[in-house]
Amino acid sequence: MSGKPQLAHHDQATQPDARALLRRHGLRCTPGRLHVLSLLSATELHLSIAEACDRLTRLGGYVHPTTVYRTLEVLTATGLTHAVHGPRATRYGITGAPHHHTVCQRCGHVAALASTHLTEAVDRIEELTGLRPDASGSLLVYGRCAGCDD
Ligand SMILES: [Zn+2]
Ligand SMILES: [Zn+2]
């Protein structure tokens with residue numbers, strides 16, 4: 001296939017095909033959407049707009065920051081990605097296996113924490129407060145990441 005985004009091989013190997021995902025959600029397969037979705041699927045990281053642009057550029061798939069921003073708004077609205085609002089730039093992650101998030105209050109780094117690790121904590125929170133985090137995982141743990149802890 002000609003003009004295939006360079007990032008696409010990631011999702012063919014290990015991830016649901018980005019094109020199929022976009023179509024299933026009624027979205028047109030623009031190059032920007034394919035790049036951004038493939039990047040987030042492949043890395044499973046939570047990236048800010050600036051970080052996503054930086055990585056896309058390094059992977060040879062430059063996408064204008066405004067396009068990345070608009071793309072992530074669309075993807076988040078359809079639930080393909082989700083936003084984590086920390087003390088700094090909003091980070092976006094792929095919606096896949098249920099997870100909670102840790103947020104560094106200094107640098108804004110967001111990491112995923114598999115929900116399976118925290119089932120007891122979630123049960124205890126419900127027991128103590130009556131609040132049940134939703135199925136997608138919604139605990140936010142604030143602190144300082146390893147890189148900032150000096
Ligand atoms: Zn997440
Ligand atoms: Zn940090």
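Reader: Which element of the chain has the highest mean pLDDT?

Author: The model is predicted, and the chain averages a pLDDT of 86, with 88% of the residues scoring at least 70. Over residues 1-15 pLDDT stays under 50, and there the model has 30 contacts beyond four places in sequence. Among the elements, helix α1 (residues 8-13) has the lowest mean, 42, and the highest, 96, belongs to helix α5 (residues 65-78).

Reader: In what pattern do the helices and strands follow one another along the sequence?

Author: The chain contains six helices and five strands. Read along the sequence, their order is α-α-α-α-α-β-β-β-β-α-β.

Reader: Among contacts between residues at least 6 apart in sequence, what percentage join residues at least 24 apart?

Author: The chain has 150 residues, and buried residues make up 29% of them. Of the contacts between residues at least 6 apart in sequence, the share that joins residues at least 24 apart is 52%.

Reader: With which residues is G32 in contact, leaving aside its neighbours within four places in sequence?

Author: G32 lies in helix α3 and is buried, because 20 other C-beta atoms are within 10 Å. G32 and T71 are 39 residues apart in sequence, yet their C-alpha atoms are 7.1 Å apart in space. Leaving aside neighbours within four places in sequence, G32 is in contact with V63, T67 and T71.

Reader: Is E44 buried, exposed or partly exposed?

Author: E44 is in the loop between α3 and α4, just after α3. The residue has a positive phi of about 55° although it is not a glycine. Because E44 has 13 C-beta neighbours inside 10 Å, it counts as partly exposed.

Reader: Into which classes do the residues of the contact of α4 with α5 divide?

Author: Helix α4 (residues 49-58) and α5 pack at an angle of about 120°, with their axes 9 Å apart, and the crossing is right-handed. The contact is made by I49, A52 and C53 of α4 together with P65, V68, Y69 and L72 of α5. By class, these residues of the contact include no polar and no charged members, and seven are nonpolar.

Reader: How far apart in space are A97 and A114, C-alpha to C-alpha?

Author: A97 lies in the loop between β2 (91-94) and β3 (99-104). With 12 C-beta neighbours inside 10 Å, A97 counts as exposed. A97 and A114 are 17 residues apart in sequence, and their C-alpha to C-alpha distance is 7.4 Å.

Reader: What is the number of buried residues in helix α6?

Author: Helix α6 (residues 119-129) has 11 residues, and just after α6, G130 takes a positive phi of about 85°. Helix α6 lies largely in the open, because the number of its residues that are buried is zero.

Technical notes
Residues are numbered from 1 along each chain as its sequence is written. Chains are lettered from A and ligands numbered from 1 in the order in which they are written. This is a predicted model: local features need pLDDT of at least 70, side-chain atom pairs count only at pLDDT 80 or more; totals for chains, interfaces and linings use all residues. pLDDT is the predictor's confidence in each residue, from 0 to 100. Helices (H or I, at least four residues) and strands (E, at least two) are DSSP runs, numbered from the N terminus. Two residues are in contact if their C-beta atoms, placed from the backbone, lie within 7 Å. Axes are lines fitted to C-alpha atoms, for helices over the stretch in contact, and angles run from 0 to 180 degrees between N-to-C directions. A crossing is left-handed if the near helix is turned anticlockwise from the far one by less than a right angle, and right-handed if clockwise. Ala, Val, Leu, Ile, Met, Phe, Trp, Tyr, Cys and Pro count as nonpolar, Asp, Glu, Lys and Arg as charged, and the others, Gly among them, as polar.
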